[in-house]
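Here are some short notes to read beside the model. Please follow them with the structure open.

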Amino acid sequence: MSKATILAPGEGDKFWIVGDHLTFKIGPKETGGKYTVATTYIPPQAGPPPHIHGREDEMFYVLEGTMMFMDNTHTFTAGPGSVVYLPKNIPHTFKNIGNTPAKCILTALPSGFEAFTAECGERITQIPCDKQVDDAAIGKLMANCARYGVSILPEHRPIGEKTYAPKKRDRWVLGQQVSIKLGSKETGGNFSVVEVITRPGQAVPPHKHLVMDEFFYVLEGEFEFLIDGMPVKASAGTFIHVPKGVMHGFGNKGTTTAKLADFHTPGGFEEFFQECGTECTDPTKPPTLGPPDMPKLIAMFRKHGMELG
C-alpha cells in the first residue's frame with residue numbers, strides 16, 4: 001500500500017525556470033504518474049509568455065499576491081483563495097501583476113511537468129535565488145519545449161478582460177466551515193478543491209478513501225493529523241499527501257482557528273460536502289451539534305467511498 005508524504009514548510013526539490021521558482025512536493029513516484037504538485041514563487045511582474053501544454057492540465061491555487069491569468073481569449077485577476085483550472089491545448093499564461101511576490105500551489109495532471117522543469121530549468125537550494133533571465137536560459141527552454149508537448153506563443157493576444165467571480169458555496173460540515181472552490185464539473189472530473197476552517201477542538205474522524213487520493217496544504221494555524229495511527233503536527237506551509245487506502249484524520253488542538261486547502265482526486269467529493277453539510281450563511285454562527293448519529297454517519301461515509309476508522 002502507498003504511504004503518506006509529509007513535507008514541512010519549504011521542503012521539496014527546488015528549481016528555477018526563466019524567472020519562476022518551484023518547490024516540488026510530490027510527483028510520479030508518489031502518484032503513479034497521475035499528477036504532480038509544486039508550490040511556486042513568482043516575483044513581481046514576472047510570468048511566462050503565452051503557451052500551450054499539449055499533455056497536462058494545470059490548476060493554480062493562489063496563496064499570496066495578485067495574479068493575472070489568461071485562458072485563450074480573456075484575462076482575469078485572481079487573488080488569495082482563488083483556484084484556476086487551465087485545461088491542456090488551450091493558450092494560457094499567468095503573471096504576478098502586484099508589487100510583492102506571489103505564491104501558488106500548482107497541480108499538473110498527469111505528471112511530466114517536473115521532468116520538463118528539471119531539463120529546462122536549474123536546480124537551486126533556496127527561494128528566491130539570484131539567477132537572472134538571459135539568452136542562455138531562454139535558449140535552453142526553447143530547445144526542449146517540443147519534447148514535452150509545450151508550444152510557446154509569444155504573439156498570442158487576448159481579446160478582452162473578464163471578471164473572476166466564482167459561485168459562493170460555503171457549507172457547515174461536521175461543525176466545520178467548508179468553502180467549495182472547484183468541483184468535478186469545473187475540472188474535467190479530475191479534482192475537488194475546498195478550504196476548511198476548523199475551530200479549536202474540532203476534528204475530522206479517522207477514515208480512508210477507497211477511490212480518491214487527498215492532499216492538504218495548511219494555510220493558517222496548526223493542525224494535528226493522525227495518519228495510520230501516528231500523530232503529525234502541521235503548521236502553516238505543511239504539505240500532506242494521503243493516497244487512497246491510507247487511514248487519516250485531522251483536528252485543531254490549538255487555541256485559535258486553523259485553515260487548510262484540501263484537494264481530492266479524482267473529482268466528485270464536493271458531493272459529500274453538499275449532502276453531509278448545511279448552508280453556511282453566517283460564518284460567525286456555527287451550528288450546535290449534538291452526539292453524532294453513528295449509523296447514519298457510517299452510511300454517509302460509505303456512500304461517498306470512505307470507511308471510518
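1. Start at one pair of residues. I42 stands opposite A102 in β11. This is a predicted model.

2. That pair belongs to a longer pairing. β4 and strand β11 (residues 102-109) run antiparallel to each other and are joined by seven bridges. In general, strands of a sheet pair through backbone hydrogen bonds, either parallel or antiparallel.

3. Now look at the other partner, strand β3. Strand β3 (residues 20-26) is joined to strand β4 (residues 36-42) by five bridges, again in the antiparallel sense.

4. Is β4 mostly covered or mostly open? It is mostly covered: seven of its seven residues are buried. T36, A38, T40 and I42 point one way from the strand. V37, T39 and Y41 point the other way. Residues of both sets are buried.

5. Step back to the whole sheet. It is open and has seven strands, in the order β9-β6-β11-β4-β3-β2-β12, with antiparallel pairing. The edges are β9 (83-86) and β12 (122-124), each of which pairs on one side only. Neighbouring strands are turned by 30° against each other on average, direction ignored.

6. Next, helix α5 (residues 294-303). Which of its residues are buried? L297, M300 and F301 are. They lie on the same side of α5, because they cover an arc of only 100° around the axis. An α-helix has 3.6 residues a turn, so residues three or four places apart point the same way. The face turned away from the buried side carries the exposed residues P295, K296, R302 and K303.

7. There is a nonpolar patch on the surface. V133, I138 and M142 form it, with about 250 Å² of accessible area together. I138 sits in helix α3 (residues 135-144).

8. Last, check T77. It is found in strand β8 (residues 74-78). T77 counts as partly exposed because its relative accessibility is 44%. T77 and R157 are 80 residues apart along the chain, and their C-alpha atoms are separated by 16 Å.

Terms used
Residues are numbered from 1 along each chain as its sequence is written. This is a predicted model: local features need pLDDT of at least 70, side-chain atom pairs count only at pLDDT 80 or more; totals for chains, interfaces and linings use all residues. Side-chain values use heavy atoms; hydrogens and water are left out. Two strands pair if DSSP finds at least two bridges between them. Helices (H or I, at least four residues) and strands (E, at least two) are DSSP runs, numbered from the N terminus. Axes are lines fitted to C-alpha atoms, for helices over the stretch in contact, and angles run from 0 to 180 degrees between N-to-C directions. Patches are made of residues with over 30% relative accessible area and no salt bridge: like charges are joined within 9 Å, nonpolar side chains (Val, Leu, Ile, Met, Phe, Trp, Tyr) within 5 Å. Accessible areas come from the Shrake-Rupley method with a 1.4 Å probe; for residues, only the protein chains shown count as cover. A salt bridge is a side-chain nitrogen of Lys or Arg within 4 Å of a carboxyl oxygen of Asp or Glu. Buried means under 20% relative accessible area, exposed over 50%, partly exposed in between (1.4 Å probe, protein chains only). The arc is that of the directions from the helix axis to the C-beta atoms.
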